Amino acid sequence: MRPIKSVAIANRGEVAVRIIRACEELGLETVLLHSDVDINTRAYRLAKKKICIGPAPTAQSYLNIQANIDAALAAGADSIHPGFGFLSENADFAEQCEKNGLTFIGPSAQAIRTLGDKVSFKTMAKKAGLPLIPGYEGADQKVETLLAEAQKIGFPVIVKAAAGGGGRGMKLINDKSQAKDLIESAQREALSAFGSATVFLEKYLGRAKHIEFQIFGDGTGKVMHLFDRECSVQRRHQKIIEEATSPSLTEDLRRKMGEVACTIATLGKYKNAGTVEFLLQDGEFYLLEVNTRLQVEHPVTEEVMGVDLVKMQILTAQGNFVFHPQDIRVPRGHSIECRVYAEDPYQGGIPSTGKIGYLAWPEGPRRRYEYGFESEDTITSYYDPMIAKVIVWDETRPRAIEKMIRTLKDSTVFGVRTNIPYLIEILDHEEFRSGKMTTRFIETYFAEGIKQKTSDDQIKKWAGVISKHVTETRQAPEMGHRSGPLSPWSSYWRGV
Amino acid sequence: MKPLNISIDGKERQVLAQVVEGQIWFRLDGEVYNYSLLDLKQSGHKKSKSGAKSPDKITAPMPGKVTKLFVSDGQEVKKGDSLLVMEAMKMEYTLKADANGTVEKITAKTGDQVTLGQLLVQLKLTEKA
């Protein structure tokens, strides 16, 4: 392994900024590989070099392997950090990087293939006797066999079309009495919808929590974990609020799950940062999948463990692994992350695009903001609607919740609507505060989004008074020298 | 940005405010609000653009791509029926009929990139809304 001098960043938004910061602190040069519309972003302004890899649609830019590699080589980079999403879990990309002499900052292509692929991951876990969600995927599709298997799994059981997806042909069997009818009906539906009557069975986890372990492989075959995160607050499988550590684990469970996480990662010869995901219900845990990359929610682990995972990724990629077991033995305090999305919380969360106006993330003790846009940047509909992550740390979970609510209330985004009011209501919900929330929390309590408490008439009245004031302030002669044409941007500021 | 001191409902309040692309944005008591300047000038309560909801005109509630069309010209639709699916920022959003009627005209096709407020489907309503 050779030392890294220049890192190409194959990503955008707040994670590109995060990587640039880590590189700067290590004295490395940064090359941002960006799409043509992303010149108006914070990462573009911070990166030392920038190369356009294509137009806005991701297939032509952020997902284009050749374009990313060509640009990284042209800029003289010796390594690529893929961030998360986009090409970060693409084994071909990792392979192409290495073939072209670029160090891929992450696991090997081989590890991405074995652990990232659901089938090979399940096979490996099963062989090692690790806990998977109980199920039946056998070729014998006789109703009697399926019935017996369903009983073996234990009700409730989900029966789903093997060829299906998106819930079609999926049925929930609550007890034995309905089992036969439902299995037969699922087979009929599967046949008519997908042309194959083959069905799978799986234990239904209706009150499960999403727990995951941060793992880190040192490159010599040794894997350790940096404790757990809980991400049960999800909307359509998209995480919204994450925390470290989980409020749901006993010391015994934490130790056992941590061991399973390290075992599967070691079997997959994992190096660098990764995450092992579990579902937890009634004190039983089940392996879900391995994410072979840095996670969006990595900051909460950094806060409770006192580490910098991105710097560690870069150092590990050049062969200088520096975690010592005694440094990562105990997590301290509690950390929460909220994802701020550009969406209208009062209209069921529809995306809100446009030019960002004034933006403020007020500092305070142990508040951390990760963001990729600044005032006058534009949120487009081409990419993910996440505009920032707000992270806090405090000594206990209740205090961290209070701090997060305070921090979100202090934050201001003008120009696009955000889910901040939605996040505040979730944090303040008694089930969230109790720590008992499951992955069905959002659909149970927030399926319809939230209601605007202030009436349109009231807002209009305030808006009238305030806009009049803003206009008058702008026109006041004592408000100082103004150059350039009058625009909404130069409007009221200059005078204040 | 420094807050302005403005008298609201008889009380002196601290307000952050800014005009961004035709909207007044302001922050009052820890909440952010916005209102269209054009709508402010008009009396009545109707909002312009996406806010101007007329049930016979199905318009794009956001800029994005039309990914699925469920209806065709002349088709009868009932209130609550799905008309089309739009995608923006990797999320899907289904547009539904707000009233009973028939499809008079479809002004977008699958794959179209559409702008906020653009007319997508024109309905002819059976009953007066």
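Two strands are taken to pair if DSSP finds at least two bridges between them. In this predicted model, strand β1 (residues 4–8) of chain B and strand β2 (residues 11–20) of chain B meet that criterion, pairing in the antiparallel sense over five bridges. Within this pair, B:N5 has B:Q14 of β2(B) as its bridge partner. The two strands form a hairpin with two residues between them. In its turn, B:D9 has a positive phi of about 50°.

β2(B) also pairs with strand β3 (residues 23–28) of chain B. Five bridges join these strands, and they run antiparallel. Here B:V19 has B:I24 of β3(B) as its bridge partner. This hairpin, too, has two residues between its strands. B:E21 is found in the loop between β2 and β3 of chain B. Its phi is near 45°, a positive value in a residue other than glycine. Most residues other than glycine have a negative phi. B:E21 counts as partly exposed because 13 other C-beta atoms lie within 10 Å.

The secondary structure of chain B comes to one helix and 12 strands. The domain assignment divides the chain into domain 1 (4–41) and domain 2 (55–125). The C-alpha centres of domain 1 of chain B and domain 2 of chain B lie 33 Å apart. Of the 129 residues of chain B, 26% count as buried. Among contacts in chain B with a separation of 6 or more, 45% are between residues 24 or more positions apart.

One of the buried residues of chain B is B:V77. The residue has its place in strand β7 (residues 76–77) of chain B. Leaving aside residues up to four places away in sequence, B:V77 touches B:V71, B:L83, B:A97, B:G101, B:T102, B:V103 and B:L123. B:A97 is 20 residues from B:V77 along the chain, yet their C-alpha atoms are separated by 7.2 Å.

Chain A has 16 helices and 23 strands. The radius of gyration of chain A is 25 Å, close to the 23 Å that the globule rule gives for 496 residues, so the chain is as compact as a globular protein of that length. Taken along the principal axes, its C-alpha atoms fill a box of roughly 85 × 60 × 50 Å. Of the 496 residues of chain A, 45% count as buried. Among contacts in chain A between residues at least 6 apart in sequence, 64% join residues at least 24 apart.

Helix α9 (residues 251–267) of chain A has 17 residues. From its first C-alpha to its last it reaches 24 Å, close to the 24 Å expected at 1.5 Å a residue. Its buried residues are A:M257, A:G258, A:V260, A:A261, A:C262, A:I264 and A:A265. An α-helix has 3.6 residues a turn, so residues three or four places apart point the same way. The buried residues of α9(A) pack against one helix, α6 (118–127), and against strands β10 (209–217), β11 (223–235), β13 (272–281) and β14 (284–291) of chain A. Just after α9(A), A:K269 takes a positive phi of about 50°.

A:H237 lies in the loop between β11 and β12 of chain A. Its phi is near 65°, a positive value in a residue other than glycine. A:H237 counts as exposed because it has 7 C-beta neighbours inside 10 Å. Most peptide bonds are trans. A cis peptide bond, however, joins A:A244 and A:T245, with omega about -10°. A:T245 lies in the loop between β12 (238–244) and α9 of chain A. A cis peptide bond also joins A:F155 and A:P156, with omega about -5°. A:P156 lies in the loop between α7 (143–153) and β7 (157–161) of chain A.

The two chains meet at an interface in which 34 residues of chain A are in contact with 34 residues of chain B. On the chain A side, β17 (350–351), β18 (354–355), β23 (412–413) and α16 (456–475) each supply at least two residues. The largest share, 13 residues, comes from α16(A). By class, this side of chain A has 17 nonpolar, 11 polar and six charged residues.

Note on methods. Residues numbered from 1 in each chain as written. Chains lettered and ligands numbered in written order. Predicted model: local features only at pLDDT ≥ 70, side-chain atom pairs only at ≥ 80, totals over all residues. Domains from an automatic or database assignment. Contact = placed C-beta atoms within 7 Å. Helix = DSSP H or I, 4+ residues; strand = E, 2+ residues; numbered from the N terminus. Nonpolar A, V, L, I, M, F, W, Y, C, P; charged D, E, K, R; others polar. Expected span 1.5 Å × (residues − 1). Buried ≥ 20, exposed ≤ 12 C-beta atoms within 10 Å, placed from the backbone. Rg over C-alpha atoms; globule rule 2.2 N^0.38 Å.
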